[in-house]
Each structure stands twice: as structure tokens, then as C-alpha cells.
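Hi,

Please find the structure below. My notes on it follow, helix by helix.

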Amino acid sequence: MERRKFLGSVSGAVMLSAITPYGMVASDTKLSHPLPVSGNDRDLWVHIIYKMADPIFSNLAKGTLRKNMLVEKSPFYDSRKNVTYLEAVGRCLAGIAPWLALPDDSSEEGKLRATLRANVLKGIANGVNPSSPDYLNFRNEHQPIVDAAYMVHGFVRARKALWEPLDAQTKTRVITELKALRTRKAFDSNWLLFTALTESFLLSIGEKDWDKKAVDKALDKFDEWYVGDGWYSDGPTFALDYYNSFVIHPMLVDTLEILVKHNIKPQADYDLALKRMVRYADQLERMISPVGTFPVIGRSITYRTGAMQALAQVALEENLPEGVSPAQVRCALTKVTENMLGGEAFDKNGWLKLGFTGHTPEIADYYTSTGSLYMASLSFLPLGLPADNPFWSDPAEEWTSQKAWNGAAFKKDYHVKY
């Protein structure tokens with residue numbers, strides 16, 4: 001299905017020659033490959049996402065994830081350590097999937113991508129193998145409903161690269177684990193979309209017993225919970241946080257895309273959800289300050305750059321709002337990434353640390369442990385665009401708040417009624 005295009009051009013933009021990747025990595029950090037030296041934004045993104053993902057999937061491929069992953073928990077943690085490994089795998093897979101879907105090439109980036117993809121495929125096989133020391137927990141507690149859905153999102157975003165190459169036994173085991181989630185029910189909140197995406201994925205791969213009732217409930221509830229101007233309430237009561245980006249818009253839109261493709265829902269439902277996500281992404285871009293920070297509001301703030309997932313997704317799908325250029329989004333997200341995922345975000349073994357920019361475990365929520373933090377990968381979705389795409393190749397450009405605070409013209413903002 002073709003994504004509807006909302007991209008518009010910007011005229012009279014102020015160019016910033018100083019917008020470049022600057023990040024330094026702490027001297028005690030173990031790197032899987034050399035630091036980027038080209039001054040290229042994409043090199044910085046590739047460096048950081050590989051640094052983030054490699055410890056997870058190289059260990060999972062060898063059956064050593066449980067052995068080697070250093071698990072840190074919130075001081076208020078509720079003992080979900082057994083789920084932290086699925087959290088790391090599922091959440092990171094959802095973010096790296098579009099990048100792994102790019103075709104192989106002989107570049108240094110291409111070699112890293114091919115290595116990571118091979119480890120992901122081997123790792124998934126280990127993760128659903130009951131005999132593996134890294135057999136992931138899909139069957140106990142409610143939390144696997146969440147993180148299985150992020151794994152599924154990875155399959156949805158890169159079906160040809162991550163789902164189709166799996167051997168028949170691994171596919172059967174994945175399906176079995178996803179169906180085993182049905183012994184628990186999602187809470188009446190953003191959790192409904194985890195079940196909806198998982199069950200829609202089962203439909204998309206030909207499973208006849210997908211749970212249409214659970215999918216319909218999620219869609220009905222979020223239709224009811226839409227509060228206007230691109231925002232959904234996360235349940236009956238509105239909360240000002242980033243769950244519209246962490247979960248709601250991306251999973252709602254991608255669930256509807258599957259259902260439209262299978263003639264379960266009308267195209268108009270998908271189009272409306274996409275328009276709302278684009279509007280929300282427009283607001284996210286405006287929230288990025290001139291120095292690449294954003295408001296520290298709501299729970300789950302330790303998910304760091306994951307708060308930008310909705311903006312990253314509309315950039316990946318080339319559906320940016322009118323008046324927002326790919327280059328300004330790239331530059332804004334690059335600065336946010338530099339601020340949040342420099343060397344201080346990782347421990348000496350390359351695992352993410354609890355915190356917002358550095359190591360501040362006291363701000364972590366009661367459900368947060370090391371695996372939870374890999375939601376940060378979700379801002380890296382535009383790496384699924386090839387290097388010659390305008391998102392990467394266009395000259396650096398000021399983003400909205402920079403234009404505004406530097407005295408330049410910028411797009412006015414009005415609420416929407418859809």
C-alpha cells in the first residue's frame with residue numbers, strides 16, 4: 001500500500017553550517033567499530049545504533065545474553081527481571097528493523113548491517129528455542145504482551161529481512177509464543193495496541209485464528225479516546241507524556257495498514273489515523289529546542305530518544321508535515337541523539353544505563369530495568385532511508401525552534417479538527 005505523502009518544501013530556510021555530529025564516547029567504552037570521523041550525520045547514527053544493538057544480538061546469537069547482559073533495576077522495581085531480556089530484544093528490534101531491511105552493499109555501514117542482521121536472525125531462533133539458555137519469557141506475567149509486540153513491530157517493519165528468512169521451525173515457535181500471550185489480557189490503556197498489532201501480524205502471515213475481537217476493542221477504544229489536535233488519551237484519563245509516540249500513533253497506524261490490506265477496515269480509517277500521527281509529529285518537531293532538548297514530562301522518561309518515534313516514523317515514510325523538511329528533522333534528531341546517547345548513556349561494557357542523559361537510576365519508573373531502555377532505538381527509524389535520500393543528503397537546516405528563536409521566519413501553527 002502506498003503511504004499518502006504530506007511532505008512540503010521550505011522556502012527561505014536559514015542554513016546552519018555548524019550543525020554536525022559532535023559526540024564523543026567515554027574512554028572506558030568498548031566500541032564494536034571505529035568512531036565516525038567524517039562529520040556525517042548518518043555515520044553518527046549508524047555508530048550509535050550499532051553500539052546499542054550489537055551487545056544484545058551478538059550475545060543472543062551465541063546464547064549468552066542472560067549470562068552477559070548486566071541488568072540494573074529501578075530502586076522501586078517490581079521484580080520483572082525475567083522479562084528484561086525480551087524487553088531489550090523486542091524494543092531494539094523495532095527500532096533497527098528498517099535499517100536492517102536495506103539491501104546489502106560493500107560499504108562499512110553495509111558490513112555492519114549485514115553482521116547485525118545475521119545475529120538478529122540467529123538470535124531470534126535462540127530466543128524462541130525452549131532448549132536455549134536465552135529462551136525468552138513470553139509466558140509468565142503480563143509484561144511480555146508489551147515486548148512481544150515490539151518484536152512483532154520489527155517483523156512488520158522489515159518482513160522480507162527479518163521474518164521471511166527465518167526457518168520454518170523458528171517461525172512456528174514464534175507463532176506459538178505469540179499465541180501463548182492470550183492467557184493474559186491487556187489493560188485498558190496503550191496496552192490494547194500491543195495485542196492489536198500482534199494479532200494483526202498473525203493475520204498478515206496467514207494465521208486463521210487471529211483474535212479479531214481484541215483488535216476491534218483496541219480500535220474502538222482509541223477512537224473513543226481521541227482528544228483532538230493529534231493527541232489520544234492513554235485510557236479514559238488524559239496524561240501529558242510521550243506515550244502517543246512510544247506506542248499509540250505508530251502501533252495504531254501500522255495495525256490499520258495491515259487491516260486495510262486484508263480488507264478488514266476501510267482505507268479511510270487508516271488515512272485518518274495517519275493524518276493524526278503526522279499532526280502529532282509536527283508538534284514533536286516543535287518541541288525540540290534550539291539546542292536539541294525537549295520537555296522532560298510524564299513517565300518513562302528514561303526511554304530517552306524513543307520519545308521521538310512518531311516523528312522518526314513519518315520521516316521514514318516520507319510523510320512529514322507540510323513546511324517541515326527532511327533536513328531539519330535530521331538535524332534536530334541528530335542533536336537530540338548527541339545530547340542523550342553520548343558515552344555517558346552507556347556503561348563500560350556497552351549496555352545502556354538507567355537515566356535520561358547520563359546515569360540517574362532514581363528517575364527510573366518501577367517497571368524499568370536495563371532491557372526497558374532500548375526503546376531509545378525507536379528514534380533511529382530513518383536509517384531505513386538510503387544514504388542518498390534527501391533526509392540524509394540535503395544540506396543542514398535549522399529546525400522550527402531554531403528559526404523562531406533566531407529571528408527567522410517559521411511556519412505558523414494552528415490546531416486541526418480531524
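How do the axes of α1 and helix α13 (residues 326-340) cross, and within what distance do they come? They come within 11 Å and cross at roughly 40°. The axes are lines fitted to C-alpha atoms, for helices over the stretch in contact, with angles from 0 to 180 degrees between N-to-C directions. That angle makes α1 oblique to α13. The classes are roughly parallel under 35 degrees, roughly antiparallel over 145, roughly perpendicular at 65 to 115, and oblique for the rest.

Before the rest, the ground rules. This is a predicted model: local features need pLDDT of at least 70, side-chain atom pairs count only at pLDDT 80 or more, and totals for chains, interfaces and linings use all residues. Residues are numbered from 1 along each chain as its sequence is written, and side-chain values use heavy atoms, with hydrogens and water left out. Helices are DSSP runs (H or I, at least four residues), numbered from the N terminus.

**α1 and α13**

α1 passes α13 in a left-handed crossing. Left-handed means that the near helix is turned anticlockwise from the far one by less than a right angle. On the α1 side, the contact involves D41, L44, W45 and I48. They meet R330, C331, L333, T334 and T337 in α13. Contact means heavy atoms within 4.5 Å. The contact residues divide into five nonpolar, two polar and two charged. Here Ala, Val, Leu, Ile, Met, Phe, Trp, Tyr, Cys and Pro count as nonpolar, Asp, Glu, Lys and Arg as charged, and the others, Gly among them, as polar.

α13 itself has 15 residues. It reaches 21 Å from first C-alpha to last, close to the 21 Å expected at 1.5 Å a residue. The expected span is 1.5 Å times one less than the number of residues. α13 is mostly covered, with 14 of its 15 residues buried. Buried is under 20% relative accessible area, exposed is over 50%, and partly exposed is in between (1.4 Å probe, protein chains only).

**α10 and α11**

α10 (residues 243-261) and α11 (residues 267-287) have axes that come within 9 Å and cross at roughly 155°. That makes α10 roughly antiparallel to α11. This crossing is left-handed. From α10, the contact uses N244, S245, H249, P250, V253, L256, E257 and V260. From α11, it uses Q267, D269, Y270, A273, L274, R276, M277, Y280 and L284. These residues divide into ten nonpolar, four polar and three charged.

T255 is also in α10. T255 counts as buried because its relative accessibility is 0%. Leaving out residues up to four places away in sequence, T255 touches A196, L197, S200 and V215.

**α4**

α4 (residues 108-127) has 20 residues. It reaches 28 Å from first C-alpha to last, close to the 28 Å expected. Its buried residues include L112, L116, V120 and I124. Glycines G110, G123 and G127 are among them too. The buried residues of α4 pack against α1 (41-62), α3 (84-100), α5 (144-157), α6 (159-163) and α7 (168-180).

**Two loop residues**

S300 sits in the loop between α11 and α12 (309-316). Its phi is near 65°, a positive value in a residue other than glycine. S300 is buried, at 0% relative accessible area.

E318 lies in the loop between α12 and α13. Its phi is near 55°, again positive in a non-glycine residue. E318 is partly exposed, at 32%.

Best wishes
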